[in-house]
Each structure stands twice: as structure tokens, then as C-alpha cells.
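Dear colleague,

Please find below the structure for your review. My notes on it follow directly after.

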Amino acid sequence: MKLARATKAKIRMPHGYAPLFFVAAAARPSCFYELGCGFSDKRTNYPLHSARFEADESCIKTGIALHIAGALALLDKN
């Protein structure tokens, strides 16, 4: 899996679950991303905290790749 290198990020206000992260991120270099795990092609795609939500577990590979790429980039920088 090849990950794109971001040069500019779109900054937007976080959802209700992340405001404290953004306070801490103001003090240190940080990264925050949302990893979608729902089915975009299903007729019924329920919200994350719904009792009917089903996760598309193929997103786990993407999440792992993002973590590894971030760690390697940090190690290369230092």
C-alpha cells in the first residue's frame, strides 16, 4: 500500500471526541486523522455508535500502514 505524503492539510474543527487532543497538539508537533471503517457501498450504513453499526475490518490494514509510515518518517527525521 502506498501512502500519499501530505504537503498541506485542511484544518477544521474537531468532532466532540478530540478537543483535548487539539489543545495538546498546539504545544507539540502532532498528527490527527480519522480512519473511516463503515461500508460506503452498503444500503444501510449506520453511525459508529449505533447498535446496528458494522465495521469494515479492511480499514485495519490502512490504519496500520499509517502508523508505520508515521513512525518511519519520525525515525528518518531524527
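Of the contacts in the chain with a separation of 6 or more, 29% are between residues 24 or more positions apart, where contact means heavy atoms within 4.5 Å. This is a predicted model, in which local features need pLDDT of at least 70 and side-chain atom pairs count only at pLDDT 80 or more, while totals for chains, interfaces and linings use all residues. Residues are numbered from 1 along each chain as its sequence is written, and side-chain values use heavy atoms, with hydrogens and water left out.

The chain contains two helices and zero strands; these are DSSP runs numbered from the N terminus, with helices (H or I) of at least four residues and strands (E) of at least two. Buried residues make up 6% of the 78 residues. Here buried means under 20% relative accessible area, exposed over 50%, and partly exposed in between (1.4 Å probe, protein chains only). The chain exposes about 7,400 Å², and carbon and sulfur atoms supply 60% of that area; accessible areas come from the Shrake-Rupley method with a 1.4 Å probe, and for residues only the protein chains shown count as cover.

A nonpolar surface patch is formed by Ile60, Ile64, Ile68, Leu72 and Leu75, with about 490 Å² of accessible area together. Leu75 lies in helix H2 (residues 59–77) and counts as exposed because its relative accessibility is 61%.

With a disulfide defined as a pair of cysteine sulfur atoms within 2.5 Å, the count comes to zero. Cys37 is in no disulfide, the nearest cysteine sulfur being that of Cys59, 4.9 Å away. Cys59 counts as buried, because its relative accessibility is 14%.

Tyr46 is found in the loop between helix H1 (19–25) and H2.  Leaving aside neighbours within four places in sequence, Tyr46 is in contact with Arg52 and Phe53.

Yours sincerely

How values were computed:
Patches are made of residues with over 30% relative accessible area and no salt bridge: like charges are joined within 9 Å, nonpolar side chains (Val, Leu, Ile, Met, Phe, Trp, Tyr) within 5 Å. A salt bridge is a side-chain nitrogen of Lys or Arg within 4 Å of a carboxyl oxygen of Asp or Glu.
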